[in-house]
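The questions below take up terms that are used when a protein model is described.

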Amino acid sequence: MTIGRNNPCPCGSGKKYKKCHGGKEVVSLQQVVDKELSSIIENFYKEYPERKDIYELRLLLNKWNARLKGFWPSNRIEQQLVDYYLLLQKQDIWTKYVEKQLQKTIRPSVIQVLEKWTSPMMIIGEVLETQQSFIQLKEIVDGNVYELETLGGDSKAEIGSYVVGIVLPDSRRGENGIMILSGVAFLPDRISESLKQVKQLATESKLDTQAFYCEHMLDCLTFIHVSEKSEDETPKVNMESQTMVSDNEKQDPTMTEKQTEMLVALEDMMKEKGIKNDELIRIFRTYLTECAPNPRKAGATAAGAIRFAKERLSADEFPWTNKEIAAMFEVSTSTVQKYFEEIEEFSAVPA
């Protein structure tokens, strides 16, 4: 179906298409719908994660980095974690967002797709068939067969390879149609041996497919990415703790939940004010792990760190008085003074 430039715009605005969503060229209705759906996904990642989610995400990131370091670059680990957190572990975040979009959307063809979007799915699928417009996949855990649309007919998948990632139901392709949400990985057939471990773990868990992935996502990724490396490059795996340990690299000590919360308090404040100071973060992180302060409020030590940066690091980007710093973190000025002195003593930076 195509839309003439003088026809009513399918967005429901009442304007002619050429004066609304149309350009100089006549385009298909599917292109208009695809653009709107893409915009909905893009705006989701602009709104989420929210500030209140950062603390929990940082704790999870420490755990994921320990398991996946050496297989993925840090930015890819973080993106995969954010998708897992927002779309599987805290799926109500995504569900409520979609429900809001349904209230704002009036185009029936978009509503039809959105109504099926409330339950994103993790999939590890073996490629059974490749066509110009879609890939047929068989889910390794439950055996369900899906059709994944390929963008512009461009597919990196080959028969016998695997697709791993989070997808959305796509009612336009029928009951088993799916579409990419933010990104999927196309992996070679050599990971098939590792997938036997995934299937065994799924059987032992006695959970349905999506509940299994939600609970064991990190285990699955660990199994997969061990096999992605050649034998000479693969870090050793401690099967008891399932923590990756390289031959030549010792893992940094993991911060406690309390220490991470204090670090996040400082980083959030600096991000909010548009401040970057790597030296302060380095000193503060080391202070937290070595001195293990235990304030009632996480912001107490961060307040002391801000004053320390101003007075001992000569950081002009921190212009506030002791009273103003205390107000930022809702602590007393004496608390600011206490932790300023602790950090000063720890760092041994001369006055």
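Q: Among the contacts in the chain with a separation of 6 or more, what share comes from residues 24 or more positions apart?

A: In this predicted model, residues 24 or more positions apart account for 62% of the contacts with a separation of 6 or more. The chain has 351 residues, of which 42% count as buried, and its elements are twelve helices and seven strands.

Q: What does Asp83 touch, not counting residues up to four places away in sequence?

A: Asp83 touches Tyr45, Leu88, Ile166 and Ser182, where a contact means heavy atoms within 4.5 Å. The C-alpha atoms of Asp83 and Gly183 are separated by 9.4 Å, although these residues are 100 residues apart along the chain.

Q: Why does Tyr162 count as buried?

A: Tyr162 has a relative accessible area of 8%, and the word buried is used under 20%, so Tyr162 is buried. Tyr162 is in strand β4, residues 162-169, and, leaving aside its neighbours within four places in sequence, it is in contact with residues including Gly125, Val127, Ile140, Phe186 and Leu195. Asp189 also belongs to the residues in contact with Tyr162; from C-alpha to C-alpha the two are 6.6 Å apart in space, while in sequence they are 27 residues apart.

Q: What makes Gln259 a buried residue, and where does it lie?

A: The relative accessible area of Gln259 is 8%, which has to be under 20% for the word buried, and therefore Gln259 is buried. Gln259 lies in helix α8, residues 257-272.

Q: What does the side chain of Gln259 reach?

A: The side chain of Gln259 reaches the backbone nitrogen of Thr256 at 3.1 Å, and a polar contact requires a pair of N or O atoms within 3.5 Å. Gln259 also touches Leu288, Thr289 and Ala292, not counting residues up to four places away in sequence.

Q: How do you know whether Lys206 and Glu330 are buried or exposed?

A: Exposed means over 50% relative accessible area, and Lys206, at 76%, therefore counts as exposed. Glu330, at 62%, is over the same cut-off and so counts as exposed. Lys206 lies in the loop between α6 and α7, and Glu330 is found in the loop between α11 and α12. Neither residue is a glycine, yet Lys206 has a positive phi of about 60 degrees and Glu330 has a positive phi of about 55 degrees.

Q: Which two residues does a cis peptide bond join?

A: The cis peptide bond joins Tyr48 and Pro49, with omega at about 5 degrees. Pro49 is found in the loop between α1 and α2.

Q: What makes α10 roughly antiparallel to α11?

A: α10 and α11 pack at an angle of about 150 degrees, with their axes 9 Å apart. Angles over 145 degrees count as roughly antiparallel, and therefore α10 is roughly antiparallel to α11. The crossing of these two helices is right-handed. The contact is made by Gly299, Ala302, Ala303, Ile306 and Arg307 of α10 together with Asn322, Ile325 and Phe329 of α11, and these residues divide into five nonpolar, two polar and one charged.

Conventions:
Residues numbered from 1 in each chain as written. Predicted model: local features only at pLDDT ≥ 70, side-chain atom pairs only at ≥ 80, totals over all residues. Heavy atoms only, no water. Helix = DSSP H or I, 4+ residues; strand = E, 2+ residues; numbered from the N terminus. Buried < 20%, exposed > 50% of the residue type's maximum accessible area, 1.4 Å probe, protein only. Polar contact = N/O pair within 3.5 Å; in protein donor to acceptor, adjacent residues only side chain to side chain. Axes fitted to C-alpha atoms, helices over the stretch in contact; angles between N-to-C directions. Parallel < 35°, antiparallel > 145°, perpendicular 65-115°, else oblique. Left-handed = near helix turned anticlockwise from the far one by under 90°. Nonpolar A, V, L, I, M, F, W, Y, C, P; charged D, E, K, R; others polar.
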